[in-house]
Amino acid sequence: MKSYRPLLLLIVLSLFLAACGKRTIRIDLVPVEDRLTPQVIENGDASLFTTDQVAMVTVSGLISNSKPKSLLGGGSNPVSDFRETLDAIANDNAVKAVVLRIDSPGGTVAASQMMYTDLLAFKAKTHKPVVVCMMDLCASGGYYLSCASDYRVAYPTTVTGSIGVIVETMNFNGTLKKLGIATDNVKSGPNKDMLSPFKLPADPDHSLSPTDRELMQHLVDQFYAGFKDIVKKSPNHIADSDWAMVTDGRVFTGTDALKLGLIDQLGDLDAAITKAKEMAHIKKARIVTYIRSGDTKGSIYANTPLRSPSAQTQVNMINLNFDLNDLFPQGQSQFMYIWPGFTGE
């Protein structure tokens with residue numbers, strides 16, 4: 001009887017949690033294959049005999065090539081999931097076009113580049129048009145990704161732009177000294193500990209030495225030039241007279257972004273779907289999204305995160321919530337295509 005007690009306790013706990021609200025408890029006793037499969041989320045104008053589909057893909061939260069951390073663990077890698085979703089769509093002949101929903105402040109330089117390159121490769125392979133719909137926020141790395149699309153739609157209230165690069169540094173040397181903790185290192189060269197959070201700062205107000213700053217600025221300038229080149233290559237209507245202002249790192253509303261040529265049209269998700277069908281030369285289509293087993297979406301507005309809910313970015317008039325571990329994993333700095341318009345204050 002004793003051998004059954006752990007299993008009995010697990011069943012009772014599951015029933016208790018299920019009774020606390022509208023929840024689904026799934027227990028996998030063995031590993032299962034969890035492939036992405038299409039789910040129809042809107043029939044729209046489709047008739048009984050309509051076979052054409054438009055796929056809805058969502059990129060939300062911080063763009064990084066890593067799994068987000070949460071209390072219950074897990075999460076998924078957004079770069080990997082994005083590639084997997086594009087591969088599934090590429091092999092689905094019923095899908096004639098893609099609507100890419102972006103709701104992101106951006107992310108790391110490398111991850112933004114990976115997803116941008118994957119989207120370009122998908123278009124070259126399939127010739128399926130991709131229309132971006134910018135949601136609350138499509139800034140920096142999010143805007144970088146949008147540059148791989150064929151057409152960009154934004155809400156008037158969307159926040160977009162923030163074309164630029166930033167690397168944030170942190171230094172704990174003074175704090176550790178107050179705690180009676182000393183750090184030291186043995187290094188192969190004078191710049192090996194550049195940006196180390198434990199390095200003795202150049203002065204109390206500036207953690208970077210002049211040499212550190214010069215070297216880092218050189219890298220930032222290279223990434224920034226690459227970002228501007230991506231924007232130049234994208235379908236844009238930015239006037240030469242506005243170029244310096246548009247690419248100086250500031251953000252814009254969707255209304256101003258249209259005037260400045262950063263987007264193609266003001267509208268909503270329905271407008272983006274209509275444009276996608278037009279570019280695919282189809283009149284009627286079902287809207288599908290790609291989900292894993294045990295998941296379901298009720299409409300085109302249902303969030304379809306490719307990462308764990310705990311890692312989602314929420315934008316409001318007060319604050320932007322995010323995980324500091326994404327920005328500073330193990331205390332390290334990263335080069336970011338990100339809108340740093342939040343301080344947590």
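Tutor: One term to start: a residue counts as buried when its relative accessible area is under 20%. Keep in mind that this is a predicted model.

Student: OK, what share of the residues count as buried in the protein chain?
Tutor: It is 44% of the 345 residues.

Student: And how many helices and strands are there?
Tutor: The protein chain has 10 helices and 14 strands.

Student: What share of the contacts comes from residues 24 or more positions apart?
Tutor: They make up 75%, counting contacts with a separation of 6 or more.

Student: Let's pick a helix. What does α2 look like from end to end?
Tutor: Helix α2 covers residues 78-90. Its 13 residues should span 18 Å at 1.5 Å a residue, and the end C-alpha atoms are 18 Å apart, so the two values agree.

Student: What happens at the start of α2?
Tutor: A side-chain oxygen of asparagine 77 comes within 2.9 Å of the backbone nitrogen of valine 79.

Student: Which residues of α2 are buried?
Tutor: Pro78, Val79, Asp81, Phe82, Thr85, Leu86, Ile89 and Ala90.

Student: What covers them?
Tutor: The cover over the buried residues of α2 includes β2, β3, α3, α4 and β11.

Student: Tell me about α3, then. How do the axes of α2 and α3 cross?
Tutor: They cross at roughly 5° and come within 10 Å. That angle makes α2 roughly parallel to α3, because angles under 35 degrees count that way.

Student: Which residues make the contact?
Tutor: From α2, they are Pro78, Val79, Phe82, Arg83, Leu86, Ile89 and Ala90. From α3, they are Ala111, Met114, Met115, Asp118, Leu119, Phe122, Lys125 and Thr126.

Student: What classes do those residues fall into?
Tutor: The contact of α2 with α3 has 11 nonpolar residues, one polar and three charged.

Student: Thr126 is on that list. Is threonine 126 buried or exposed?
Tutor: Threonine 126 is buried, at 17% relative accessible area. A polar atom of its side chain lies 2.8 Å from the backbone oxygen of phenylalanine 122.

Student: And what about histidine 127?
Tutor: Histidine 127 lies in the loop between α3 and β5. With 66% relative accessibility, histidine 127 counts as exposed. Its phi is near 60°, a positive value in a residue other than glycine.

Student: Where else does a positive phi turn up?
Tutor: Serine 162 is one of the places, with a phi of about 55°. Serine 162 lies in the loop between β7 and β8. Serine 162 is buried, with a relative accessible area of 4%.

Student: Which residues of α9 are buried, and what do they pack against?
Tutor: Leu269, Ala271, Ala272, Ile273, Lys275, Ala276, Lys277 and Ala280 are buried. They pack against β2, β3, β5, β6, β10 and β11.

Student: New topic, β11. Is threonine 289 buried or exposed?
Tutor: Threonine 289 sits in strand β11 and is buried, with a relative accessible area of 1%. Its side chain reaches the backbone oxygen of methionine 56 at 3.2 Å.

Student: Now some loops. Where is serine 47?
Tutor: Serine 47 is in the loop between β1 and β2. At 30% relative accessible area, serine 47 is partly exposed. Serine 47 and lysine 284 are 237 residues apart in sequence, with their C-alpha atoms 7.8 Å apart in space.

Student: Last one: where is proline 190?
Tutor: Proline 190 is in the loop between α5 and α6. With 67% relative accessibility, proline 190 counts as exposed. Proline 190 and threonine 211 are 21 residues apart along the chain, and 9.9 Å separates their C-alpha atoms.

Terms used:
Residues numbered from 1 in each chain as written. Predicted model: local features only at pLDDT ≥ 70, side-chain atom pairs only at ≥ 80, totals over all residues. Heavy atoms only, no water. Axes fitted to C-alpha atoms, helices over the stretch in contact; angles between N-to-C directions. Helix = DSSP H or I, 4+ residues; strand = E, 2+ residues; numbered from the N terminus. Parallel < 35°, antiparallel > 145°, perpendicular 65-115°, else oblique. Contact = heavy atoms within 4.5 Å. Nonpolar A, V, L, I, M, F, W, Y, C, P; charged D, E, K, R; others polar. Buried < 20%, exposed > 50% of the residue type's maximum accessible area, 1.4 Å probe, protein only. Polar contact = N/O pair within 3.5 Å; in protein donor to acceptor, adjacent residues only side chain to side chain. Expected span 1.5 Å × (residues − 1).
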